[in-house]
Amino acid sequence: MPLVLDESIVNHDEVIRAKYEANAVSVNLKFGKLGGLTNLVKARDLLQELNLAVSVEDMWRGDIITAATSHIAASTGQNRL
């Protein structure tokens, strides 16, 4: 069964562990868990380099976070989103 990690990625080391220890195929990234936009984009880029699928979300759902989520999704490779 494909493994998708959610709520467990809080830094870039966890991204590496998701790939090589958990054998995940996808990771749900959350702004609040990674500490903001810059860290989330870095984690997203790393996931793409590792050929993992990416989902970007956050639970607060305000206008600013919705715009940021949409922008990151639009700048993620089609084969990785």
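The model on screen is predicted.

**Stop one: T76.** Select T76, in the segment after α4. Is T76 buried or exposed? Buried means under 20% relative accessible area. T76 has 6%, so it is buried. Now show its side chain. A polar contact of 3.0 Å joins it to the side chain of R44. Setting aside residues up to four places away in sequence, T76 touches R44, Q48 and L81. K30 and T76 are 46 residues apart in sequence, and their C-alphas are 15 Å apart in space.

**Stop two: helix α4.** Step back to residues 63–74. These twelve residues form α4, which reaches 16 Å from first C-alpha to last. That is close to the 16 Å expected at 1.5 Å a residue. Colour I65, A68, T69 and I72, which are buried. Look down the axis of α4: the buried residues fall within an arc of 100 degrees, so they line one face of the helix. An α-helix has 3.6 residues a turn, so residues three or four places apart point the same way. What do the buried residues of α4 pack against? Show α2 (31–34), α3 (37–49) and β3 (53–57); these are the partners. Then turn to the other side of α4, where D63, H71 and A74 are exposed.

**Stop three: S26.** Move to strand β2, residues 26–30, and pick S26. S26 counts as buried because its relative accessibility is 11%. Its side chain reaches the backbone oxygen of A53 at 3.4 Å. Beyond neighbours within four places in sequence, S26 is in contact with L3, V4, L5, L52, A53 and V54.

Definitions and conventions: Residues numbered from 1 in each chain as written. Predicted model: local features only at pLDDT ≥ 70, side-chain atom pairs only at ≥ 80, totals over all residues. Heavy atoms only, no water. Helix = DSSP H or I, 4+ residues; strand = E, 2+ residues; numbered from the N terminus. Expected span 1.5 Å × (residues − 1). Buried < 20%, exposed > 50% of the residue type's maximum accessible area, 1.4 Å probe, protein only. Arc of directions from axis to C-beta. Contact = heavy atoms within 4.5 Å. Polar contact = N/O pair within 3.5 Å; in protein donor to acceptor, adjacent residues only side chain to side chain.
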